[in-house]
Amino acid sequence: MFEMETHISGLFPEIVAMIFSYLDVRDKGRVAQVCAAWKDASYHKSVWRGVEAKLHLRRANPSLFPSLHTRGIKKVQILSLRRSLSYVIQGMPNIESLNLCGCFNLTDNGLGHAFVQDIPSLRVLNLSLCKPITDSSLGRIAQYLKNLEVLELGGLSNITNTGLLLIAWGLHKLKSLNLRSCRHVSDVGIGHLSGMTRSAAEGCLSLEQLTLQDCQKLTDLSLKHVSKGLAKLKVLNLSFCGGISDAGMIHLSNMTHLWSLNLRSCDNISDTGIMHLAMGSLQLSGLDVSFCDKIGDQSLAYIAQGLYQLKSLSLCSCHISDDGINRMVRQMHELKTLNIGQCVRITDKGLELIADHLTQLTGIDLYGCTKITKRGLERITQLPCLKVLNLGLWQMTESEKVR
């Protein structure tokens, strides 16, 4: 019987392009060097859909941006910037995402020369760790990047409340804002973002994700502003905000769209704060109170009463015991991730309670839980959905190791 063999050279270019789309970025570049037909197929826009180009901008390369345009690449990460940023903006007029994270030599002047007219296509801008950037650049961004949805400003220690006023004035479509370690930002700035100063700025009322990690000047007043103005907020990161207290949790407790709250290392949050959260109308999916050393077993009882829909709960280094686990596990039917690393009072009894009741768990962190033994661990490993088990500092002798 005659059999016809099909060679890849006989396939339609569209089929070849579909095959190439499954390759990683480096291999996509390599297949383009095989022959003319493969080069044509590899330049099909479907091959490069969603790919972010990672570039070292050192010397002039006239073919760079035409090549990116031909392949339909609209996302760029600049790994090192030795040329003007305007070189990028002029070369990619339809750019959608620009990542400049860690470009330490980017200045207000350089950014000012790049952003001189509207760039309606740009949706994502990452300026994290671009240390020289100040409020002046945020003015440019607010003026010319009106369609921006994601803005990363982590580690920009020169940003002040004035910069946030400019953002609140110009970036009404913003959905995600990262202000990690912006040390000068205070309650006034958060008020601007939340629309509390409507006479000057409408606010970023479409925000869904807000990172305020390590903003040390913030107090509970910021949470009052957020709860009043940012009704669409889904993710709030307040980790390492030492000025936040239990009273602030009252403001957050009725934010019905909020599904992830990070209070990691907020030293003034105690069982009372968790009580406030549990008594509201929250539908939280994720809660992190790791390293809050005022949180103990009573918090677990509150969580079981009012936050029982949690899918992820982190309690690392909290003062919880087997008793707290006992008060919580029977209500937490949806919990998939439980982090109790460095909770040194947890014993095998706690692990047995977890194994008996938290049957949906896919991951558990037991790093540094020094009182657990092989007996408790064997029970945990029998959880039907478990995929991730972190033991870290936990020690087993050779004879105790679970086979």
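**The H7 and H8 pair, and beyond**

Modeller: H7 and H8 pack with their axes 8 Å apart, at an angle of about 0°. The axes are lines fitted to C-alpha atoms, for helices over the stretch in contact, and the angle runs from 0 to 180 degrees between N-to-C directions. On the H7 side, the contact is made by Asp135, Leu138, Gly139, Ala142 and Gln143, and on the H8 side by Thr162, Gly163, Leu166, Ile167, Trp169 and Gly170; contact here means heavy atoms within 4.5 Å. Sorted by class, that's five nonpolar, five polar and one charged (Ala, Val, Leu, Ile, Met, Phe, Trp, Tyr, Cys and Pro are nonpolar, Asp, Glu, Lys and Arg charged, and the others, Gly among them, polar).

Some ground rules before going on. This is a predicted model, in which local features need pLDDT of at least 70 and side-chain atom pairs pLDDT 80 or more, while totals for chains, interfaces and linings use all residues. Residues are numbered from 1 along each chain as its sequence is written, and side-chain values use heavy atoms, leaving out hydrogens and water.

Back to H8, which covers residues 161–170: Asn161, Gly163, Leu164, Ile167, Ala168 and Gly170 are its buried residues. Buried means under 20% relative accessible area, exposed over 50%, and partly exposed in between, with a 1.4 Å probe and protein chains only. Those buried residues pack against H7 (135–144), strand E5 (150–152) and helix H9 (187–193). Helices are DSSP runs of H or I with at least four residues, strands are E runs of at least two, and both are numbered from the N terminus.

Asn178, in strand E6 (residues 176–178), touches Leu151, Glu152, Leu153, Gly154 and Thr211, leaving out residues up to four places away in sequence. It counts as buried, because its relative accessibility is 13%. Its side chain also reaches the backbone nitrogen of Arg180 at 2.9 Å.

For comparison, look at H12 (residues 271–279) and H13 (residues 297–306), whose axes come within 9 Å and cross at roughly 5°. That makes H12 roughly parallel to H13. Asp271, Ile274, Met275 and Ala278 of H12 meet Gln298, Ser299, Tyr302, Ile303 and Gly306 of H13, a contact with five nonpolar, three polar and one charged residues. The buried residues of H12 pack against helix H11 (246–252), strand E9 (260–262) and H13.

What about disulfides? With a cut-off of 2.5 Å between cysteine sulfur atoms, the count comes to zero. Cys182 is in none, and the nearest cysteine sulfur, that of Cys215, is 5.8 Å away. Cys182 is buried, at 0% relative accessible area, while Cys385 is partly exposed at 29%.

Zooming out, the protein has 16 helices and 14 strands. Of its 403 residues, 50% count as buried. Residues 24 or more positions apart account for 74% of the contacts with a separation of 6 or more.

Definitions and conventions: Parallel < 35°, antiparallel > 145°, perpendicular 65-115°, else oblique. Polar contact = N/O pair within 3.5 Å; in protein donor to acceptor, adjacent residues only side chain to side chain.
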